[in-house]
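Please read these notes with the structure open beside you. They are written for someone new to such models.

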Amino acid sequence: MSILSAAIEGSITMAAPLLLASIGELVVQRSGVVNVGLEGLILTGALAAVLGTLNTHNPLIGVVCAAIAAGAVALLFALFAVRLAANQVVVGVVINLLTLGLTGTVSRAVFGAQSTFVSVEALPHLFANQTILTPLALTMVPAAWWLLNRTRSGLMIRAAGEQPAAADSSGISVLNLRTVAVLFGGVMAGIAGACLSVGDVPTFQEGMSAGRGFIALAIVTAGRWSAPGCLAAALVFGISEELEIQGQAMGLHIPHDILLAVPYVITLIILLSGSHSSKAPAALGIPYVKR
Amino acid sequence: MQTEARTRRPVPAPVRIIALAAAYSAGLIVLLAVTFAMLRIPVPMALKQLWVGAVGSADEGHLYAISSTLVEMAPLMLAALSVCIAWRAGLFSIGAQGQILMGALAATATARIASAAPIPAPLITFMMLVTGVAAGAAWGALAGLMRVKRGVQEVISTIMLNYTALHIVSWLVLGPLRARGAYRTESDSLPDGILFARLIPSAWSDHIQTSLHAGVLLALFVCPLVYIYMFRTSAGFQLRVLGANDEAARTAHYPADRLKISAMALSGGVAALGGVIQLLGSATGSLSAASFSGNTGFTAIPAALLGGLHPAGAFVTSLFFAGLTQGCRNLEQNTGVSSVVIYVVQAAAVLAVVGIRAFRQRSETEAS
């Protein structure tokens with residue numbers, strides 16, 4: 001029983017940052033924008049949280065710093081991909097490279113080559129091994145569902161993602177709406193990054209997001225662009241990551257790389273089984289240019 | 001605008017390319033200087049370290065540095081060419097990373113199986129190249145198939161395929177393909193007969209073994225082939241029409257589905273060739289997940305974009321990026337500045353180009 005509860009716990013710990021980032025990206029994608037730069041936003045958040053905590057000795061301020069820093073990078077994305085209508089994949093990939101370079105250079109300058117030796121205060125555990133960010137992540141699921149499906153703003157976001165021209169002619173500023181959505185996605189990804197650093201092991205390591213941004217993109221797709229779907233998909237990814245760790249701890253000889261590959265394969269299968277990805281917002285990935 | 005463009009005398013292509021390359025190089029140097037200045041790295045020192053790292057110095061000789069730069073360039077250029085093919089067809093694949101891995105993996109498996117049989121080494125090398133390219137092509141075609149049959153966006157599917165490939169590789173090199181004998185977390189080292197021959201005799205470079213190998217020549221040979229395919233064949237023409245205007249492609253009754261799948265397969269094969277070349281050009285030829293999960297597949301995208309999604313451009317930018325990478329490694333060794341600073345420069349360069357282009361397009365549509 002204790003192993004089981006530890007495994008459940010661990011899975012939730014693993015899922016929390018994924019959930020935060022994917023709920024943010026969900027709102028972004030429902031507004032018609034794909035932000036492949038999610039990975040870079042998480043990385044930015046992770047570093048900003050450590051730097052903020054290092055200077056204030058308050059990990060909560062670190063989380064706020066993470067949200068602000070990643071939000072700022074997200075606005076850079078929005079400037080190019082939304083305002084200037086550049087290709088979203090291009091800008092996303094570039095944001096990933098940019099942040100990989102910036103965080104690496106800054107952390108090397110601040111901490112030296114052995115950044116993992118510098119440890120800051122971690123977020124306190126509320127219960128078991130969970131920080132405040134876990135309930136926050138879980139609350140975001142119904143919140144995002146409610147926002148998207150039960151509010152006027154949500155209707156506007158969905159309109160921008162499905163029929164931007166129609167939304168525009170009904171008086172909604174598609175560009176403003178998408179910019180705000182991207183900013184929200186950035187803030188959430190920043191908090192996800194903080195979750196990885198001050199919420200877990202409070203140090204910064206170059207490239208420590210380790211593909212979680214891409215996993216979050218997978219979660220949005222596998223979750224069929226709905227908040228409850230994202231929760232389910234995030235848990236699958238969290239469980240497989242946790243199984244890998246537990247398996248190693250218990251000395252099981254399952255090749256752990258197979259476990260790690262499973263969620264991606266599941267996502268691919270979910271994608272293939274859907275009928276022409278009809279759940280995807282119709283204008284997803286298409287820059288809106290006012291005619 | 002239209003009439004002005006028509007009356008202007010056409011500039012010959014070589015002149016245009018040289019002018020563009022000069023403009024981009026000047027822009028990149030300015031960007032480098034600005035980036036270093038913003039990150040409080042002394043600019044003249046940093047630029048000198050970059051230069052020495054990329055092409056060597058009078059004291060240490062140039063052969064070693066230049067060979068390393070060319071060796072660095074080969075897989076990057078092939079990945080950039082693969083991006084050119086897919087993106088020109090309107091498929092925004094970011095799957096080069098996974099295709100590189102699958103290519104190297106298939107080649108490693110081939111070497112393992114073939115070395116058990118009495119097969120001459122050059123034939124094994126050839127078989128590795130063929131199976132590697134085939135595996136990459138299959139990995140690419142998978143994303144193409146998913147796009148065509150199920151409408152799955154290639155951005156998402158290639159991300160999944162990248163990670164699936166990464167985990168398959170690390171599983172196999174730690175499992176069935178693990179090196180025999182001593183405890184190692186990589187595949188078998190390959191005998192020198194299978195690996196690409198080194199091209200520069202060590203007598204020329206003070207008896208330091210330079211890394212330039214035959215695979216670089218192979219890569220340089222593929223570049224014009226891709227150009228010919230894309231710009232001098234009807235299949236390549238259809239592919240570019242499809243990417244530029246799928247409405248037009250439909251009106252002309254082009255086989256859009258088949259074109260998309262073959263574009264993805266071709267792009268996967270070219271990227272995978274880079275993986276095999278990297279493997280066969282390395283010192284030992286052993287595959288480990290860690291050494292192959294670098295960023296080549298991702299830096300190839302800025303390289304291809306800055307090269308205007310044109311094979312000649314991809315060659316120039318890849319060479320430039322490879323020089324930058326080697327230069328940044330030198331900078332890191334001598335000053336402690338992280339070599340990842342190069343990504344900032346690459347990213348800023350693409351943003352500048354994308355920004356300028358988008359801005360011009362915008363003012364043009366507003367003017368008309």
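This is a predicted model: local features need pLDDT of at least 70, side-chain atom pairs count only at pLDDT 80 or more; totals for chains, interfaces and linings use all residues.

1. Residues are numbered from 1 along each chain as its sequence is written, chains are lettered from A and ligands numbered from 1 in the order in which they are written, and side-chain values use heavy atoms, with hydrogens and water left out.

2. The size of an interface is often given as the accessible area lost when the parts come together. Here the buried area between chain A and chain B is about 3,900 Å², and carbon and sulfur atoms give 78% of that. Buried area is the accessible area (1.4 Å probe) that two parts lose on being put together, summed over both. Chain A brings 44 residues to the contact and chain B brings 45 residues, where contact means heavy atoms within 4.5 Å.

3. How many salt bridges are there between chain A and chain B? The count is one, a salt bridge being a side-chain nitrogen of Lys or Arg within 4 Å of a carboxyl oxygen of Asp or Glu. The partners are Arg108(A) and Glu332(B), whose closest N and O atoms are 3.5 Å apart.

4. On chain A, helices H3 (59-83), H4 (88-111), H9 (212-222) and H11 (256-273) each supply at least two residues of the side that touches chain B. Helices (H or I, at least four residues) are DSSP runs, numbered from the N terminus. H4(A) gives the largest share of this side, 13 residues. The side divides into 28 nonpolar, twelve polar and four charged residues; Ala, Val, Leu, Ile, Met, Phe, Trp, Tyr, Cys and Pro count as nonpolar, Asp, Glu, Lys and Arg as charged, and the others, Gly among them, as polar.

5. Over all chains, the search finds zero disulfides, meaning pairs of cysteine sulfur atoms within 2.5 Å. For Cys195(A), the nearest cysteine sulfur is that of Cys230(A), 16 Å away. Cys195(A) is buried, at 8% relative accessible area; buried means under 20%, exposed over 50%, and partly exposed in between (1.4 Å probe, protein chains only).

6. Ile23(A) lies in helix H1 (residues 2-30) of chain A. Ile23(A) is buried, with a relative accessible area of 0%. Leaving aside residues up to four places away in sequence, Ile23(A) touches several residues, including Met140(A), Phe184(A) and Cys230(A).
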